[in-house]
Amino acid sequence: MFLKVVALTLALVAVTGARAEVSADQVATVMWDYFTQLSSNAKEAVEQLQKSDITQQLNTLFQDKLGDVNTYTSDLQKQLVPIATELQEHLTKNSEKLKGEIQKELEDLRARLMPHTNKVSQMIGDKVRELQQHLEPYAQELHTQVNTQTEEMRRQLTPYMQRMETSVRENVDNLQASLMPYVNEFKDKIDRNVEELKRNLVPRANELKAKIDQNVEELRHNLAPFAKEAQDKLNHQLEGLAFQMKKNAEELQAKISANADQLWQKLNPLVKDVHSKLQGNTEGLQQSLAELSSQLDQQVEEFRLNVESYGEMVNRALVQQMEQFRQQLGPYAGDRVNHLSFLEKDLRDKVSSFFSALQKKEESREKPLALPLPEQVQEPGLLSPQQS
């Protein structure tokens with residue numbers, strides 16, 4: 001059933017165009033969010049399904065990027081509806097199966113590492129501390145950069161506010177002619193500054209992911225001598241750790257971008273309000289300018305504080321995840337297993353692989369990629385034979 005949903009969903013992407021602005025990550029996120037929503041509560045899920053099924057969510061994504069969908073897409077949507085209703089049972093079954101396999105993998109790995117428990121715990125503990133040391137300058141650099149960017153935004157916009165306020169006082173009889181250039185330039189400055197914020201701050205998450213990869217790879221190298229004959233199990237667990245940690249970096253990236261967009265969405269209506277008052281009375285225009293001036297400082301400061309807090313939260317989460325990994329490999333780990341991250345990783349890998357293959361086909365202008373029939377494809381191999 002899982003593969004039917006994946007196949008039909010990816011077919012939906014294929015017929016809307018491989019070169020469209022719909023990414024593998026966006027599709028996988030919609031699907032994963034829907035799966036977890038269904039798994040949270042069966043009754044609630046059925047009710048939610050009636051209000052907003054997966055086709056509706058995917059359709060929203062595609063319409064945002066592509067506009068109207070075509071008749072082929074509509075046919076596929078109809079096929080998705082009955083399949084989506086069965087996702088709850090399938091996800092629960094696969095989730096429990098995977099949980100058992102991950103539990104066994106951890107038990108086997110712990111048994112291999114048992115003679116070296118203290119040494120392994122010390123090595124991972126050292127990596128936790130090393131990660132903290134790597135993250136501190138990253139957090140400080142992010143703090144400095146967001147301060148610099150927001151201060152530069154204020155520096156560029158404040159003179160325009162002052163000029164507009166002066167013009168209102170000095171050119172009462174010709175407000176539209178005197179203010180229109182300033183209002184237009186002010187709006188352009190906001191647009192450019194918001195784009196500059198995203199362009200300079202969002203890539204910081206990529207630097208963070210590179211640090212995570214480096215830290216996990218060093219940990220793999222250090223633990224390898226103690227995990228002989230269980231290297232595949234160790235690698236699988238470390239892949240899961242890296243996936244979880246990099247999700248935090250991606251969330252930071254998404255939050256920075258979303259906050260920059262939100263800043264624009266809050267300021268843009270205020271600029272439009274000033275523009276609409278240019279032909280009105282002076283008092284109304286002065287009130288609009290005062291509101292814009294007040295909100296400019298408030299919203300820029302709110303953006304700055306939000307981004308700084310996101311950076312600090314991500315750092316704490318990364319350290320906590322590394323510490324949890326250390327505890328998982330210890331003798332007193334218990335049976336608590338974070339298996340959903342492996343299920344999500346498998347979903348994202350499959351969607352990403354399909355998009356890559358589809359893109360290559362489009363680039364070579366060959367015939368459209370044929371999706372395998374669900375019954376011809378093996379269910380997600382939660383663990384490969386050598387890992388079981």
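Rings of Phe, Tyr and Trp (its six-membered ring) pair if their centres lie within 6.5 Å. By this criterion the structure holds zero aromatic pairs. The model is predicted: local features need pLDDT of at least 70, side-chain atom pairs count only at pLDDT 80 or more, and totals for chains, interfaces and linings use all residues. Residues are numbered from 1 along each chain as its sequence is written, and side-chain values use heavy atoms, with hydrogens and water left out.

One charge sits over a ring (NZ of Lys or CZ of Arg within 6 Å of the ring centre and within 35 degrees of the ring normal): Arg163 lies over the face of Tyr160, 5.1 Å from the ring centre.

Helices are DSSP runs (H or I, at least four residues), numbered from the N terminus. The axes (lines fitted to C-alpha atoms over the stretch in contact, with angles from 0 to 180 degrees between N-to-C directions) of H7 (residues 117-170) and H9 (residues 204-223) come within 11 Å and cross at roughly 165°. H7 and H9 are therefore roughly antiparallel (over 145 degrees). Contact (heavy atoms within 4.5 Å) involves residues including Leu131, Leu135 and Tyr138 of H7 and Leu208, Lys211 and Leu219 of H9. By class, this contact has eleven nonpolar, four polar and six charged residues. Nonpolar here covers Ala, Val, Leu, Ile, Met, Phe, Trp, Tyr, Cys and Pro; charged covers Asp, Glu, Lys and Arg; the others, Gly among them, are polar.

The axes of H10 (residues 231-276) and H11 (residues 282-328) come within 9 Å and cross at roughly 175°. H10 and H11 are therefore also roughly antiparallel. Their contact has 24 nonpolar, eleven polar and five charged residues.

Technical notes:
Helix = DSSP H or I, 4+ residues; strand = E, 2+ residues; numbered from the N terminus. Parallel < 35°, antiparallel > 145°, perpendicular 65-115°, else oblique. Phe/Tyr/Trp six-rings, centres within 6.5 Å; stacked < 30°, edge-to-face > 60°.
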